[in-house]
Structures are given as structure tokens and as C-alpha cells.
Amino acid sequence: MERGHLLLIDGMALLFRSFYATAPRWMMNSRGVSTNAVRGVIKQIEAATNALQPTHVVCCWDMGSTTFRTEWFPDYKANRGEPPCELVPQFDLAKEVVAMLGVPNIGVLGAEADDCIGSLVKQYREHMQISIITGDRDLFQLLSEHVTVYLLAKGIGNYEAYTLERFIEEKRIQPHQLVDVKALMGDASDNYPGVRGIGEKQAFKLIQQYGSIEGIIENLANLTKAQQQKITEHLDLLHLSRKLAAIHCDIPIPLRLEEAKWEGGCKRFAEVLEAIR
């Protein structure tokens, strides 16, 4: 049986990128609401579906700033300011237009869009080819023989495609080991610390050599004195950072695959753009 092709869209990535790529004051509807980000989302979905020719499409969203990660670590993403006032009304409008395109909106309270994407990947990767459109390299964790990640590049319809083979060749680790790298180096964007004093280059080298956090701990005696001190002093933060970095793939998703069947076309995109004027 021929495999279907599921396109999973990181709606938050498309919305924010589209907002900052254009001036909101130049694109307002008849009610005076900025539509620049929403228009960008529509055009990005049109470009992605034309380029990748999926049989099914789903768009995933964050559902607020409070998640199970903020319960584990209250400072998680606490460094991020409030979204611009011109963007706020576009959150709901974006979901409306995505639904108008016939694409299911998926978001789960307490989880992030990444977790929803990961859960859908786990559910369908054995039966379908999966493409992920995102701006988040954390989703490299999900790469496999049947999963490709397309990083948004400058302009509409431009991507940097990462297959499993490319990731392994460039990073010299397996996708599941990326969590351990992130645990060591931390993430300034998501505001979790990792091990202070260990940067990206050193984190990759350690995981390439020892395979995992457990492998590093088992071989502490083989590390430099400085590395030993940093890791032992920040062991609790190391394990916490790994929990925060991991995409959780067991989120219950209320979706029937037939709901995501893609039947869009140029006419539908034009109609949706007209509807938000």
C-alpha cells in the first residue's frame, strides 16, 4: 500500500516569522485589525503544500504560556516579553483561517506545539511519510527514515531540509541524543541553564564520545578536572534541563486522520485571503 504524506505545521513559528517579516500597519482589515501575520501564514501554507504535495495536513499551536515545563521550572521561557499588541488579535484569527483552509488546528492545554507534533509523529510515522515545517531545531529529535524537518528560511516557501542522513552526517549523533546535548549546553531562548560553562561545541563533543548523560557520568574520571567540577556541581540542573529539552510524544491528540485530508487549492487560498479583508 502506498504511504500517505502527512505535513505537520508549527503554527506558532509561521505566525511569529510572518509578523516580524512585514509591517502590521500596512495590512489591516476593514475592522482595523492587523492581518500581516495571518496573511503570511496563509501564503506559507500555500507554498508548503504546493512544494511538498501532502495527502494530509495538520497545524499545531501552543496554548498559552503555562505548561508542564513551567511547573517543573518556573523560569522556563520567563525571559520572553509579551507579544506585540498588533499580533495578539491575530492568534485566534490565524486559527480561523487555517480551519477555513480545511486544516485541523491542534493544541493541548499544558503542552507545547512541539509536543503535539511529536505525539502525531509517534502515532503516524510507521504508516506515513511525515514532513514538519518549523523554525525550531529542537524538532530534529523527531527525525527518522520517514520524518523530514523543513526549517523556515528567509522568504516564503524557502526551507532548509534536514533528513536523518543529513543530521547524522553534520552532527555525528543520533536524533534522540540531541536532548542530552541540550541538557549540557542549556537554551538561552527557552531560559533553562544546562551546565554552566559547557557550550554547544563541548556538549556535542561529550555526547559524541560518551553517548549520553549517563555515559558521561559513568566516565567522569576521564574528563578534565574542570569538566568534572562543572557537571558534579550542576547535576540536578543537568537532569532537569534534559526533561525540559525533551519533546514529549505521549500527548493525547483528539484527531481522526480523515479530518486532516488535504483538498486545498489555489481557489481556496484566494477565498480565504478575501475573507479576512
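Modeller: The accessible surface of the protein comes to about 13,700 Å², by the Shrake-Rupley method with a 1.4 Å probe, where only the protein chains shown count as cover for residues. Carbon and sulfur atoms hold 51% of that surface. This is a predicted model, in which local features need pLDDT of at least 70 and side-chain atom pairs count only at pLDDT 80 or more, while totals for chains, interfaces and linings use all residues. Residues are numbered from 1 along each chain as its sequence is written, and side-chain values use heavy atoms, with hydrogens and water left out.

Biologist: How do you know whether the radius of gyration agrees with that of a compact globule?

Modeller: The radius is taken over C-alpha atoms, and the globule rule is 2.2 Å times the number of residues to the power 0.38. For 277 residues a compact globule would have a value near 19 Å, and the protein has 20 Å, so the two agree. Along the principal axes, the C-alpha atoms fill a box of roughly 65 × 50 × 30 Å.

Biologist: What share of the contacts joins residues at least 24 apart?

Modeller: A contact means heavy atoms within 4.5 Å. Of the contacts between residues at least 6 apart in sequence, 71% join residues at least 24 apart.

Biologist: Why is Tyr162 called buried?

Modeller: Buried means under 20% relative accessible area, exposed over 50%, and partly exposed in between (1.4 Å probe, protein chains only). Tyr162 has 3%, and therefore counts as buried. By that cut-off, buried residues make up 50% of the 277 in the protein. Tyr162 belongs to strand β6 (residues 159-162), and beyond four places in sequence its contacts include Arg137, Phe140, Leu143 and Phe167.

Biologist: What makes the pair of Tyr162 and Arg166 a polar contact?

Modeller: The term covers N or O atoms within 3.5 Å; within protein, one must be able to donate a hydrogen and the other to accept it, and residues adjacent in sequence count only if both atoms are side-chain atoms. The two side chains make such a contact at 3.4 Å.

Biologist: Why is helix α7 described as largely enclosed?

Modeller: Seven of the eight residues of α7 (residues 178-185) are buried, so the rest of the structure largely encloses this helix. Asp180 and Lys182 are among the buried ones. They pack, with the other buried residues of α7, against α6 (164-171), α8 (200-210), α9 (213-218) and α11 (235-245). Just after α7 comes Gly186, with a positive phi of about 70°.

Biologist: How is Asn191 classed, buried or exposed, or in between?

Modeller: Asn191 has 26% relative accessibility, and therefore counts as partly exposed. Asn191 sits in the loop between α7 and α8, and has a positive phi of about 65° without being a glycine. Lys77 is another non-glycine residue with a positive phi, of about 60°, in the loop between α3 (68-72) and α4 (88-100).

Biologist: What makes Asp115 a buried residue?

Modeller: The relative accessible area of Asp115 is 0%, so the residue is buried. Asp115 is found in helix α5 and touches Phe68, Arg69, Ala246, Ile247, His248 and Ile251, apart from residues up to four places away.

Biologist: How do you know that Ile117 is buried?

Modeller: Ile117, also in α5, has a relative accessible area of 0% and is therefore buried. Its partners beyond four places in sequence include Leu8, Ile9, Asp10 and Cys60. Cys249 lies 132 residues away in sequence, with 7.9 Å between the C-alpha atoms of Ile117 and Cys249.

Biologist: Which class does Ser119 fall into at 4% relative accessibility?

Modeller: With that value, Ser119 counts as buried.

Biologist: Which helices do the buried residues of α11 pack against?

Modeller: These residues, including Leu238 and Arg242, pack against α3, α7, α9 and α10 (225-233).

Definitions and conventions. Helix = DSSP H or I, 4+ residues; strand = E, 2+ residues; numbered from the N terminus.
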